[in-house]
Each structure stands twice: as structure tokens, then as C-alpha cells.
Amino acid sequence: NLGSLLHDMGDWDFAETLLRQALVGRRRALGDLHRDTLTTMNNLGRLLQTKGNYPAAEPLLCEAMENCQATLGDLHPNTLAAMN
């Protein structure tokens, strides 16, 4: 939550640090397909997009969308949000 708040407040560098740490931790603890991991992946991708770092954002956002499709199905609200 703090990473997302910092993103919204414009402290993008600190937000990126926290979101990257959270993603590593969630991947280790929960796996790549867990809903919380996917949310963090999407949040980090969105932040990188905001910062204009499109080459780093695209693979994260694609992975989040593909994993949502595989885990939740094509019509789940989280999958549709990831496609948006």
C-alpha cells in the first residue's frame, strides 16, 4: 500500500524501490500466479509506465495479464483490468 501511495504522491523512485522489494518477496513467498503477486506486478508496471520506462513496464504488464488469464480466466475482473 505504501508503494502505491508514494506513486500517487509523485515519489516515484522510492515507490519503485518498495514495489520491487514487494514483488521479489511475493514471488518467493506466494509464487508467480498468486493474486497478490499479480497485483504487485501490475502496480510496478503501472509505475514504470508513469515514469516513462516503457521497455521495463511492458514485460511486467504482459506477464501480469498472461498470468491473470491463466489463473483467473479471461473474463475475471482482474484479468480485464490487466488488459486495460
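Which hand does the crossing of helix 1 and helix 3 have? The crossing is left-handed. The model is a predicted one.

**Helix 1 against helix 3**

- The axes of helix 1 and helix 3 cross at roughly 20° and come within 11 Å.
- Angles under 35 degrees count as roughly parallel, and helix 1 and helix 3 are therefore described as roughly parallel to each other.
- On the helix 1 side, the contact is made by Ser4, His7 and Asp8. On the helix 3 side, it is made by Asn43, Arg46, Leu47 and Thr50.
- Sorted by class, the contact of helix 1 with helix 3 has 4 polar, 2 charged and 1 nonpolar residues.

**Helix 1 against helix 2**

- Helix 1 covers residues 2-9 and packs against helix 2 at an angle of about 160°, with the two axes 8 Å apart.
- Angles over 145 degrees count as roughly antiparallel, so helix 1 is roughly antiparallel to helix 2.
- Helix 1 also passes helix 2 in a left-handed crossing.
- Helix 1 brings Leu2, Gly3, Leu6 and His7 to this contact, and helix 2 brings Trp12, Phe14, Ala15, Leu18 and Leu19.
- By class, the contact of helix 1 with helix 2 has 7 nonpolar and 2 polar residues, and no charged ones.
- His7 is listed in the contact with helix 2 and in the contact with helix 3.

**The largest nonpolar core**

- In soluble globular proteins, nonpolar side chains tend to be buried together.
- The largest nonpolar core of this model has 14 residues. Leu23, Met41, Leu44, Leu47, Leu48 and Leu60 have the most contacts inside this core.
- Which elements give two or more residues to this core? They are helix 2 (12-30), helix 3 and helix 4 (54-72).
- Helix 3 gives the most to the core, with 5 residues.
- Leu23, one of the residues with the most contacts inside the core, touches Thr37, Thr40, Met41, Leu44 and Leu60, leaving out residues up to four places away in sequence.

**Leu60**

- Leu60 lies in helix 4.
- Leu60 has a relative accessible area of 11% and is therefore buried, as buried means under 20%.
- Not counting residues up to four places away in sequence, Leu60 touches Leu23, Arg27, Met41, Leu44, Gly45 and Leu48.
- Leu60 and Leu44 are 16 residues apart along the chain, and their C-alpha atoms are separated by 7.7 Å.

**Thr37**

- Thr37 is found in helix 3, which covers residues 35-50.
- Is Thr37 buried or exposed? Thr37 counts as buried because its relative accessibility is 0%.

**Asn67**

- Asn67 has its place in helix 4.
- With a relative accessible area of 14%, Asn67 is buried.
- Leaving aside neighbours within four places in sequence, Asn67 is in contact with Asp32, Leu33, Leu38, Met41 and Leu72.

Technical notes:
Residues numbered from 1 in each chain as written. Predicted model: local features only at pLDDT ≥ 70, side-chain atom pairs only at ≥ 80, totals over all residues. Heavy atoms only, no water. Helix = DSSP H or I, 4+ residues; strand = E, 2+ residues; numbered from the N terminus. Buried < 20%, exposed > 50% of the residue type's maximum accessible area, 1.4 Å probe, protein only. Core = buried A, V, L, I, M, F, W, Y, C linked by side-chain atoms within 4.5 Å. Contact = heavy atoms within 4.5 Å. Axes fitted to C-alpha atoms, helices over the stretch in contact; angles between N-to-C directions. Parallel < 35°, antiparallel > 145°, perpendicular 65-115°, else oblique. Left-handed = near helix turned anticlockwise from the far one by under 90°. Nonpolar A, V, L, I, M, F, W, Y, C, P; charged D, E, K, R; others polar.
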